[in-house]
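This briefing goes through one model by topic. Have the sequence and the coordinates open as you read.

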Amino acid sequence: MMHTTDGSPGPVPAVPGPEPEIDPAAFDLLPPPADFVPRAYDYYRALRTDRPVHRLSDGSYLLTRYDDLVAAYRNPSVWSSDKTVDFKPKFGDSPLYEHHTTSLVFRDPPDHTRIRKLFQHAFTRKALAALEPRIHALVDGYLDELEDRREMEVVGDFSFKLPVEVVCDMLGVPASDRILIRDWALLILGALEPILPQDRFEAGCRAVEDFKAYLRDQIRHLKAHPSDRRDGEILSALVDAEEDGQKLTELELLHQCIFLLNAGHETSTNMLSHGIHEFLNHPAEIARLRADPGLAESAVEEVLRYHPPIQINNRRALVDTDLSGFAFPTGSMVHLMIGAANRDPDQFPDPDRFDIARRPNRHLSFGLGIHICAGNALARLEGQIAFGKLFDRFPSLNLVAPARLSNRVRFREVTELRIAL
Ligand code: HEM
């Protein structure tokens, strides 16, 4: 197996060799089993069946049943998202601590409510409709570039480009800086993995500081050149909000922008990469979509269900509480295993089948409740347009090799996917 500089296993092929027996009672995330990434859904099945509430070595609990995740998401006054206590031992007084405890996803009401309201205007139907022609044009442009090529590397040539350009547009930062933003996102979100080596921690801290300096420069530019400000861009709103000083502090706004830029592309990139990979593993589903483009919506839902780009959300019990007949004392930390819930046979008949017409398909890939993904409609639209156009334009795509996945467990990440055009 390849190894990265931090000593952790490197990218792993999606399809492994002979598979040893799984013992769910011995399962841990600190560290996860060596074959966890390629066999994640086998581990999830074993846990969900035998140990749906499973205690890890650090005293936290893994939840894998659909109904249990729904119950936790739906009850934020019992199950808190606030990470100010949890992240202290891991991040200390560092920039990573400042970032992850300031961004809205890790805050509870009333702070969460106040911050989420500020971004509401960026996610209205009108704002989304305004982005739609841009998404079409971007996808057409990438496909034009591929027209004369025999092969493409999906991540670099396609699935990374679209979400990052769209989210840069939304924020109002130059898309030419996308590589910077991608690298920062990988380091900042990568720091949320259960195990964080020292060099990754330091690089993550530098990334937060560099990202803040970058956004401050952008703001300085907008202040000096008001004519460069466009209506609806979040960064322009940041300038105003900073100036009236009412709603959010400058630091809070910088961290929400960093979070949006990160959350808004890394997840969608993986949705596109996993989707293309899974379609190519199931050519009959491509034929179905080409024959009936009306299936684009349900196809995106199935891609999201099948491989949730975010595999784990966390919550902590604010009071003694009951879930699934199990008594959780105050302070219990739970890992909501989205990839396991999305294949719970009590909710999804024949759950390991990839069926682009599956209905109903109430997967949990965008979470649920007050923290439900603010960008879910945008991500869905990106997927519908991207899959539809790609398979329409290139009718006979083939895998050159199975997708390579990173060894991250919180984010299911495709690092390389080569296909023949
Ligand atoms: C396929 C793509 C995406 C997936 C799978 C995804 C997944 C998620 C999940 C699971 C959460 C909930 C976290 C929790 O409850 O703890 C979340 C929250 C969030 N997402 Fe996404 N996301 C995606 C795309 C996007 C995009 C495109 C944007 C913005 C441009 C975005 C912005 C956000 C924001 C702002 C939150 C925090 C919401 C809150 O805490 O109130 N996401 N996302």
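How far is an oxygen atom of the ligand from an N or O atom in the side chain of R116? The separation is 2.7 Å. The model is predicted, so every value below is computed from a prediction.

**Ligand site**

- The ligand has 31 residues around it, and H112, R116, R315, H371 and C373 come nearest.
- H112 places a polar side-chain atom 2.6 Å from an oxygen atom of the ligand.
- R315 also has a polar side-chain atom by a ligand oxygen atom, at 2.7 Å.
- By residue class, the shell holds 20 nonpolar, nine polar and two charged residues.

**Iron**

- Which protein atom is a donor of the iron atom of the ligand? The SG atom of C373 is the only protein donor, at 2.3 Å.
- C373 sits in the loop between α15 (338-341) and α16.

**Nonpolar cores**

- The largest nonpolar core has 106 residues. L215 and F279 touch the most other members.
- Helix α12 supplies the largest share of this core, 12 residues.
- Another core of 20 residues lies apart from it, with V53, L63, V78 and V334 among its members.
- Beyond its neighbours within four places in sequence, L215 is in contact with V173, L235, L254, C257, I258 and L261.
- As a general point, nonpolar side chains in soluble globular proteins tend to be buried together.

**Helix α12**

- N262 belongs to helix α12. Is N262 buried or exposed? N262 is buried, because its relative accessible area is 0%, and the cut-off for buried is under 20%.
- The contacts of N262, leaving out residues up to four places away in sequence, are I181, A185, I188, L189 and F211.
- M271 is also in helix α12. Its relative accessibility is 2%, so M271 counts as buried.
- M271 touches V300, V303, L304, P309, A379, G383 and F387, again leaving out residues up to four places away in sequence.
- M271 and F201 are 70 residues apart along the chain, and 26 Å separates their C-alpha atoms.

**Helix α14**

- Why is helix α14 (residues 296-306) described as largely enclosed by the rest of the structure? The reason is that 10 of its 11 residues are buried.
- The buried residues of α14 are A296, S298, A299, V300, E301, E302, V303, L304, R305 and Y306.
- The cover over these buried residues includes α1 (40-50), α12, α13 (283-291) and α16.

**Strand β7 and L323**

- L323 is in strand β7 (residues 321-323). L323 is buried, with 7% relative accessible area.
- L323 and A71 are 252 residues apart along the chain, yet their C-alpha atoms are separated by 7.7 Å.
- A71 is also one of the contacts of L323 beyond four places in sequence; the others are L63, D68, W79 and F328.

**Backbone geometry**

- For reference, most residues other than glycine have a negative phi, and most peptide bonds are trans.
- The bond joining P109 and P110 is cis, with omega about 5°. P110 is in the loop between α4 (95-102) and α5.
- The bond from R359 to P360 is also cis, with omega near -5°. P360 falls in the loop between α15 and α16.
- S324, which is not a glycine, has a positive phi near 60°. S324 lies in the loop between β7 and β8 (326-328) and is partly exposed, at 37% relative accessibility.
- D350 also has a positive phi, about 50°, without being a glycine. D350 is located in the loop between α15 and α16. Its relative accessibility is 49%, so D350 counts as partly exposed.

Notes. Residues are numbered from 1 along each chain as its sequence is written. This is a predicted model: local features need pLDDT of at least 70, side-chain atom pairs count only at pLDDT 80 or more; totals for chains, interfaces and linings use all residues. Side-chain values use heavy atoms; hydrogens and water are left out. A residue is near a molecule or strand if one of its heavy atoms lies within 4 Å of it. A polar contact is a pair of N or O atoms within 3.5 Å; within protein, one must be able to donate a hydrogen and the other to accept it, and residues adjacent in sequence count only if both atoms are side-chain atoms. Ala, Val, Leu, Ile, Met, Phe, Trp, Tyr, Cys and Pro count as nonpolar, Asp, Glu, Lys and Arg as charged, and the others, Gly among them, as polar. A nonpolar core is a set of buried Ala, Val, Leu, Ile, Met, Phe, Trp, Tyr and Cys residues joined through side-chain atoms within 4.5 Å. Buried means under 20% relative accessible area, exposed over 50%, partly exposed in between (1.4 Å probe, protein chains only). Helices (H or I, at least four residues) and strands (E, at least two) are DSSP runs, numbered from the N terminus. Contact means heavy atoms within 4.5 Å. Donors are N, O and S atoms within 2.8 Å of the metal (3.2 Å for Na, K and Ca); water is not among the atoms, so sites may look incomplete.
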